[in-house]
Amino acid sequence: MANTDESNPLLPNQQSEVKDEKKPNKPISSTAPAPPFPADPVKPLSAAVPMGWTAEGVPMGHGVVGDPIMNRAQWDSGLCACFGRTDEFCSSDIEVCLLGSIAPCVLYGSNAERLGSAPGTFANHCLPYTGLYLIGQSFFGSNCVAPCFTYPSRTAIRRKFNLEGSCEAFNRSSGCCGSFVEDEAQREQCESICDFATHFFCHPCALCQEGRELRRRLPHPGFNAQQVLVMIPPNEQTMGR
């Protein structure tokens, strides 16, 4: 008959116990060091310091929310400033206005390309926008489908450059709803809704405003090409007499 102990998973432990019994007992030293005292439990940082979060989703201390450093900056141009400003970007502002009126898909792809700076970003945003534009024009007679999917770009621009939204602009002009604006969570929800409403009701103007802002803040990814060093081999040398 097979020994049933061989299939027991605790067999190694049993063998070690038998070996320990055969070994002579060693005297226990009375001068053995005492066990160390248990260390005090360390409280997590989140429990010690109340945390909040900024418009970009970055956690921070609760007391930093109301600091003047967190004040948002204003947009470089207004929503209805179709031709921008008379500065060195004036020709670019006119180009943005024409693209927003005639080819908004190209302007949206260009804005996404500057914001994302990844290869293929222009095509990945321009082509889907064109499809949504054709669907809206075919079934509803207006470009009402594409703005439902393009408004996150405005939210991304606002968070990237720490720009104020519609709620903060209204609070700055009227001075009301101050407690509502100071709450980061409520303010961000309100700003996201306002971004959607801006794209839905003023879609060409929103794209143009975002295009003017991006062209003044970020260079085109094609202009960021690094210099390439070309190694030219030396000319063939001949031994002179």
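Me: How many disulfides does the structure hold?
Reply: The structure holds one disulfide. This is a predicted model, in which local features need pLDDT of at least 70 and side-chain atom pairs count only at pLDDT 80 or more, while totals for chains, interfaces and linings use all residues. Residues are numbered from 1 along each chain as its sequence is written, and side-chain values use heavy atoms, with hydrogens and water left out.

Me: What makes C167 and C190 a disulfide?
Reply: The term stands for a pair of cysteine sulfur atoms within 2.5 Å. The sulfur atoms of C167 and C190 are 2.0 Å apart, so the pair counts as a disulfide. The angle about the S-S bond is -60°, and the link is left-handed.

Me: Which parts does the pair of C167 and C190 tie together?
Reply: C167 lies in helix α7 (residues 166-174) and C190 in helix α9 (residues 184-201), so the link ties together parts 23 residues apart in sequence. Helices are DSSP runs of H or I with at least four residues, strands are runs of E with at least two, and both are numbered from the N terminus. The protein has ten helices and two strands.

Me: Why is C190 called buried?
Reply: Buried means under 20% relative accessible area, exposed means over 50%, and partly exposed lies in between (1.4 Å probe, protein chains only). C190 has a relative accessible area of 18%, so C190 is buried. C167, at 11%, is buried too.

Me: What makes a set of residues a nonpolar core?
Reply: Its members are buried Ala, Val, Leu, Ile, Met, Phe, Trp, Tyr and Cys residues joined through side-chain atoms within 4.5 Å. The largest one here has ten residues, among them V96, L107, Y108, Y129 and L207. Helix α4 (104-116) is one of the elements that give two or more residues to this core, and its share, three residues, is the largest. A second, separate core of six residues includes F161, L163, L214 and L218.
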